[in-house]
Every structure is written in structure tokens, then in C-alpha cells.
Amino acid sequence: MHADIRPARATDIDTLVSIENSVFDTDRISRRAFRSHLASGTASLLVSEKDGAIAGYALLLYRKGGKTARLYSIAVANGHASAGVGRGLLAAAEKAAAARGRPILRLEVREDNARAVDLYRRSGFRPIGRRENYYEDGAPALRFEKHLGGSKEQ
Ligand SMILES: CC(C)(COP(=O)(O)OP(=O)(O)OC[C@H]1O[C@@H](n2cnc3c(N)ncnc32)[C@H](O)[C@@H]1OP(=O)(O)O)[C@@H](O)C(=O)NCCC(=O)NCCS
């Protein structure tokens with residue numbers, strides 16, 4: 001039951017690609033992109049490990065010199081859905097961003113992804129806008145933001 005969250009390793013990439021392909025229909029992160037994020041100094045790739053298996057991942061990007069971190073992607077393997085893995089990864093992503101000196105975490109999510117939107121809202125993210133035609137299939141994105149840490153939260 002217990003999930004450990006740790007930085008991804010090169011040997012995790014096969015699993016990350018298979019999670020990506022099974023949970024997203026468009027805008028998938030390629031193997032090559034996972035590799036490049038793993039080696040990047042401006043990204044954090046975190047995995048949640050449950051009983052020795054990768055249950056999900058979160059990818060954060062840090063633009064140089066900014067105050068914000070971007071939650072570029074988060075996904076939980078189908079077999080581990082609704083068990084708190086997503087919430088745990090989101091909390092770990094917030095911690096990683098704060099530790100990196102980024103007091104604001106932003107993200108985009110498909111407007112029709114009610115489950116993810118619900119997770120972000122309940123975790124204290126506030127809507128800050130909408131982007132038309134954001135995804136490969138033309139779907140719009142909602143943008144969310146959270147101020148991290150201390151009493152300034154929410
Ligand atoms: C969105 C996602 C990351 C959530 O991960 P998860 O591990 O299944 O979710 P958790 O068990 O941590 O639950 C988090 C919240 O999701 C919602 N949720 C969980 N299971 C749900 C279900 N079966 N139906 C509807 N909402 C559900 C709840 O709001 C829950 O909050 P709660 O803990 O207060 O009840 C996961 O569904 C996923 O990978 N989806 C596909 C990829 C994706 O859409 N990523 C987000 C792109 S921006």
C-alpha cells in the first residue's frame with residue numbers, strides 16, 4: 001500500500017512510456033523527451049513506487065530565472081488509479097518546486113478532464129485562465145496556479 005516517491009532513473013523510462021501511452025490519447029511525452037527531461041538541469045521527474053512497481057509520475061519544468069515551476073505532466077497507471085497516488089505525486093511536486101525556490105506552481109489541464117481538475121481544485125489550485133486550441137486535438141486547456149508554502153497558501 002505504501003508509496004515511495006523518488007527521482008526517476010533511466011531504468012524507469014520503459015515503464016513511464018507505457019504509462020504515458022495507456023493514459024493519454026494525445027500530446028504524449030515520447031521516450032526521447034523523457035530521456036531528455038531526466039538529464040535536464042531544469043526539470044524534475046518524480047516517480048511513485050508501490051511494492052516495487054512504478055505507479056505514476058510527475059514532471060516539473062523550471063524556466064531559467066523565473067519564480068514559477070510548471071507541472072508539465074502527471075499520470076497514474078491504470079491499475080493504481082484512485083488509490084491516492086496522484087494526490088501524493090502532486091504533493092511531492094509542490095515540495096520539489098518549493099525546494100527549488102519556486103514559490104508558484106502552474107499547470108494546464110484539459111477542460112474536459114474533470115477528475116484532474118477536481119484534484120487540483122481540492123489541492124488548493126486556483127483557476128487563472130483558459131487557452132483555446134491548446135492540445136493536439138484542439139481541446140482547450142484550463143490554467144491553474146498555486147502559491148506554495150507557509151501561510152500564503154491559497
Ligand atoms: C488525474 C490522476 C493523476 C489522479 O490520480 P489518482 O491517483 O487516480 O487520484 P487520487 O487517488 O490521488 O485521488 C485524487 C482526487 O482525484 C479524484 N478522484 C479519484 N478517483 C476518482 C474517481 N474514480 N472518479 C472521480 N474522481 C476521482 C478525487 O477528487 C480525489 O480526491 P480525494 O482524495 O479528495 O477523493 C489520474 O486519474 C490520471 O493519471 N489520469 C490520467 C492522466 C491525467 O489526466 N493527468 C492529468 C493531466 S493534467
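In which sense do β6 and strand β7 pair, and over how many bridges? β6 and strand β7 (residues 141-147) pair in the antiparallel sense, over five bridges. Strands here are DSSP runs (E, at least two residues), numbered from the N terminus, as are helices (H or I, at least four residues). Two strands pair if DSSP finds at least two bridges between them. Arg-131 has Ala-141 of β7 as its bridge partner.

The model is predicted: local features need pLDDT of at least 70, side-chain atom pairs count only at pLDDT 80 or more, and totals for chains, interfaces and linings use all residues. Residues are numbered from 1 along each chain as its sequence is written.

Seven strands form an open sheet with mixed pairing, in the order β1-β2-β3-β4-β5-β7-β6. β1 (3-7) and β6 (126-131) are the edge strands, each pairing on one side only. On average, neighbouring strands of this sheet are turned by 25° against each other, direction ignored. Angles run from 0 to 180 degrees between N-to-C directions, with axes fitted to C-alpha atoms, for helices over the stretch in contact. Contact requires C-beta atoms, placed from the backbone, within 7 Å. Helix α1 (residues 13-23) lies across β3 (53-62) and β4, and runs at about 85° to β3.

Methods: Contact = placed C-beta atoms within 7 Å.
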